Amino acid sequence: MVRLLIIWVILSAFGIVAALQLNYPPYDQSIQGQDQASTLKLLTVLATPVFIGVVMMILYAAIYFRRTVPELVDGPPMLGNTPVQIAWVAISAILVLFLAVVGIATLSSENVAQAVGQPGRAIGQSGGQTGSGTAGGSGSELHVQVIAQQWYFTYRYGDYGGVETTHLYLPLDRPVELHVTSLDIIHSFWAYELGVKADANPGVDNIFHVTPQKTGSFQVRCAELCGLWHGHMADSSGQVVSQSDFDTWIAGQQADFNTIGKVVPSYAPYYFPEPKLKAG
Amino acid sequence: MVVSERRLAIPNNPIAGILLAIPGYFAGVWLGTLFGLTDDQNTGVILGYLLATVAFLAGVGFLNYPLERLFGWQVIPITDPAENRGIGRFFRLSLDHKVIGIQYMVTILLMLLFGGIGAMLIRTSLRPFGNYLVPLMIGARRMAFPRLEALSFWVVPPAAIILAAATFWGGFPTGWTGYPPLSEQAGQGMNSYIVGFALIAVALVTSGVNMLATIIGLRAPGMTWTRLPMFVWGIFTTSILGLLAAPVLAAALIMLAMDRTVNTTFFVASNGGSNYLWENLFWFFGHPEVYIFILPAFGIIMEIVPHFARKPLWGYRTGVVGLFGVALLSWFVWQHHLFVSGIAPVLRPFYMLSTELISIPTGIIFLVTLGTLWRARVWFTVPMLFCLGFLFNFLIGGISGVYLSDVPTDVTLHGSYFSMAHFHYTIMGGEIFALMAAAYYWLPKMTGKMLSPMLGRIHFWWMFIAFNSTFFPLFIVGLLNMPRRVSSYNPALVGLNRWVTISAYFLFGSMVLFAANLIYSWFFVARPALANPWHARSLEWQVPTPVPARNFDRVPVIVAGPYDYGLPNARPVADLGGIVGVTGGG
Amino acid sequence: MLRRVSLVAAGVVIVVIAIVAFVGLFMLRQPGPLAGTTTKLHLETVAALSDAVEWPRPNDPHPDWVGYLPTTTWHVPANSTIQVQIDQEDGASGLRNPFWGKVFGIEGGTMHVKYFDDKGNPQEGDMDSIDPTMAAHTFAIPDLGVFVPLLGVGDTAPPGTQNIITFSFKTKGPGIYRWQCFVPCAAGTLFGNGGPMSTIGYMGGELIVT
């Protein structure tokens with residue numbers, strides 16, 4: 001028993017050291033992504049000794065408690081052991097509650113709380129929210145509407161005259177408020193390296209806060225089955241760029257947008273143009 | 001009371017059922033063209049499926065008894081099981097729980113063979129054992145409601161055929177979650193989803209209420225709650241979930257059918273509906289539902305391990321509490337499927353905590369099993385190997401579940417291959433491994449033939465390695481940015497994906513090996529099974545093989561627990577009357 | 001006994017080897033270069049396949065669906081310029097997202113359109129966008145950044161006329177690129193995106209670049 005314990009401690013130590021070496025997705029392109037990566041690391045560090053311990057018990061039982069004699073023999077009639085049972089339940093309860101407390105703490109710290117999507121307003125309500133009213137809104141936030149449609153994401157920049165673009169560019173170190181919505185069915189906006197995932201529901205404004213902290217490209221994907229071209233509903237040209245590069249890029253987009261901008265509805269955080277139900 | 005001499009002319013067999021179902025289907029389609037509000041054929045196809053199912057059940061003979069009673073005609077009893085031992089009994093309506101168990105088993109095997117449609121019907125894959133074994137294990141001669149039991153089986157073949165029919169309409173594009181509005185945009189295949197799953201819901205409800213009534217009401221004298229085998233406890237808890245969860249699914253499916261046929265807009269945002277309604281209804285059913293198939297698996301593991309460990313179950317009451325804990329908590333976790341959907345933020349901590357709490361009762365199952373193995377004299381049979389494989393796989397499945405329950409990490413993992421790997425570890429690595437353990441353990445009793453242990457061992461190692469080699473890489477693939485149900489992906493992942501694809505074929509090969517073992521053992525070697533080849537104490541092994549038509553000559557009196565191995569002065573589990581030659585009662 | 005077991009085992013091994021060979025030979029093989037590649041794409045869009053004159057599809061299971069003709073799988077060479085001509089004869093059903101009324105990703109930034117104006121007179125000219133409500137379909141290859149709205153035939157045009165849209169775009173490296181239409185033109189389905197919009201061979205397909 002003691003021997004087992006020692007082996008478990010040694011193996012767990014190795015396991016934890018190995019778990020700490022790994023580079024956890026979604027890495028560190030945004031503050032929120034970094035928080036998720038560190039939670040992932042914490043979970044792996046906690047899971048390692050549990051996994052090793054239980055596997056050791058299974059293997060130990062399989063190897064050492066084999067019947068060695070040919071004929072059937074009964075084992076010792078152990079009916080249970082209340083202290084062991086209480087200890088087991090207590091340990092698992094402590095682990096679970098610890099995880100829950102850590103999870104809730106990260107959840108209520110500002111960044112992650114905003115990073116898991118917020119409820120949309122009532123269906124059918126229009127206009128309303130100016131976009132800066134949500135928690136932590138400092139006024140410097142960039143408002144970007146993510147419009148999902150079968151089968152592509154487009155983006156509108158509320159602070160730049162509602163210019164609509166086919167790729168997502170974000171300036172460095174500036175908090176972004178994403179308003180994720182859909183024009184038809186449910187999609188899910190997943191910007192992998194940014195640690196962003198928010199469902200795009202028709203007629204719902206799903207808000208998600210993210211702050212990029214590293215320049216570079218990121219991938220955008222749909223993460224909710226949305227029909228024929230779901231697997232192709234992706235774009236690897238997302239970019240986090242410096243503020244000056246962003247200004248240059250958005251000016252070009254605005255020039256492009258001029259003609260069609262006249263017929264596109266003006267920007268509002270809630271976007272659900274009158275649909276053609278059963279078109280045709 | 002005057003009983004008329006007139007007899008009902010409806011024959012009762014599946015061929016008559018099929019012959020009636022075909023005109024039933026076309027009558028439904030015709031009605032749909034008469035009354036359908038939309039110019040697609042959704043109304044007709046749904047009515048067609050429903051009428052075909054009712055006609056099939058009528059042809060099988062379910063309407064005979066009510067009609068006979070209604071008109072006061074002569075009641076023709078369904079043949080007494082004791083008089084009918086031919087192979088034909090498996091092909092028609094039977095009220096013998098053992099025949100229904102075998103019918104179920106063959107149906108499930110056929111469905112697994114045809115693959116695709118197994119995805120939903122796999123949820124019923126432990127039913128054959130429940131039907132066959134529960135009455136035997138509690139010392140009953142039949143189920144509480146044999147007609148209901150037969151119904152809960154006979155709706156499954158129409159459900160399977162209707163779900164398979166979806167492929168002719170191009171399948172249903174939504175996967176098993178059926179999220180609207182996509183499911184309202186989808187073509188005819190979606191109608192198969194609605195009717196097929198509704199029939200499965202009917203099966204869940206009817207078999208749930210029947211199992212509960214049987215276990216509560218028909219236990220033999222002396223079969224106290226603390227002597228109930230763990231498998232029966234597993235079926236008991238799962239039946240509670242099935243009975244209460246399936247109606248929610250049925251309600252959601254009816255709304256979906258109405259949206260598709262009579263232009264209601266329950267789930268259409270532009271007309272006042274909301275897709276959140278479906279998401280909540282579906283997962284309120286869906287999460288208890290995943291425990292519907294894991295609870296019997298827990299029961300199987302805790303049932304089989306003591307018999308081969310030759311030790312009493314270590315902490316019987318704790319194990320039962322664990323089963324009930326899982327069953328209870330399963331009602332409070334469904335919104336963890338909706339963490340990124342935009343639900344109210346205040347709900348997230350609650351659903352995160354409740355989901356993580358499930359690991360406590362699950363941990364209890366592990367404790368009880370490992371405690372039973374501790375210092376045992378383990379007889380390493382094939383079922384035992386599968387039990388240990390279950391423990392390993394479910395451990396990984398359980399731990400990865402914690403990753404998904406944690407909201408911050410779920411943002412990245414949700415809907416990725418990570419979650420797919422997680423639920424395959426619990427369902428395939430868990431439920432299917434338990435199913436295999438049950439098959440190697442109980443099939444000798446059910447079929448009278450032992451399965452080859454050597455092929456069984458090869459089967460286990462092959463399946464265990466192929467399974468892990470298929471699904472473990474998916475955790476990594478998921479972490480590296482690959483969503484589910486996607487055909488194009490990051491080129492860097494091509495290698496891993498190929499590895500997974502090839503492993504999946506090997507995994508399929510292990511199923512072929514299992515089928516080969518069945519055929520080899522049944523038809524080529526036919527090593528007859530003894531009444532009790534495992535020398536197990538529990539009641540189902542005390543009756544002869546093949547099991548007599550009425551199970552027990554006399555109602556057995558239970559005098560000891562099923563797992564009292566090694567206890568000094570342990571008595572046999574039951575006084576079986578006739579078998580031990582007690583003459584009493586004349 | 002042992003012989004039988006080994007026979008069964010050998011049988012299983014053979015089955016598995018066959019499966020592996022099947023996978024290796026067929027499932028995992030990349031599609032090779034195909035003959036008949038072209039740098040010109042001549043397409044036609046019709047309101048219903050049964051209307052097609054130039055490229056009839058008599059045995060199509062859905063004669064009343066909208067579609068691109070003659071085919072929806074297009075083979076083109078990599079890193080080259082593709083000249084496209086689309087004979088568009090469907091009426092307008094309007095864009096769900098008006099933004100797609102603008103042209104993206106084609107050579108020169110404009111397409112050349114021959115059409116009939118409000119008074120029924122033939123017109124032609126270069127356009128970089130169209131009125132979103134007048135779009136009948138779009139020609140869109142998102143992974144190449146190509147989005148071209150196709151002007152619907154107006155009510156005032158003589159019956160049976162076509163709008164002729166020509167433009168060219170550049171392909172990138174080899175691969176399979178999906179293309180689709182962004183006008184919800186599938187009549188009778190929710191949001192107009194079911195049926196022909198959700199089935200390869202009508203309003204969507206693959207651009208195979210080799």
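Reply: Angles under 35 degrees count as roughly parallel, over 145 as roughly antiparallel, 65 to 115 as roughly perpendicular and the rest as oblique. This is a predicted model, in which local features need pLDDT of at least 70 and side-chain atom pairs count only at pLDDT 80 or more, while totals for chains, interfaces and linings use all residues. Residues are numbered from 1 along each chain as its sequence is written, and chains are lettered from A in the order in which they are written.

Me: Why are α2(B) and α10(B) called roughly parallel to each other?
Reply: The axes of α2 (residues 42-60) and α10 (residues 189-217) of chain B cross at roughly 30° and come within 9 Å, and α2(B) and α10(B) are therefore roughly parallel. The axes are lines fitted to C-alpha atoms over the stretch in contact, with angles running from 0 to 180 degrees between N-to-C directions.

Me: Which residues make the contact of α2(B) with α10(B)?
Reply: From α2(B) come B:N42, B:V45, B:I46, B:Y49, B:L50 and B:T53, and from α10(B) come B:N191, B:I194, B:V195 and B:L199; two residues are in contact if their C-beta atoms, placed from the backbone, lie within 7 Å. By class, this contact has seven nonpolar, three polar and no charged residues, where Ala, Val, Leu, Ile, Met, Phe, Trp, Tyr, Cys and Pro count as nonpolar, Asp, Glu, Lys and Arg as charged, and the others, Gly among them, as polar.

Me: How many residues does the contact between chain A and chain B take from each chain?
Reply: Chain A gives 77 residues and chain B gives 75 residues, and the largest share of the side of chain A that touches chain B, 14 residues, comes from α2(A).

Methods. Helix = DSSP H or I, 4+ residues; strand = E, 2+ residues; numbered from the N terminus.
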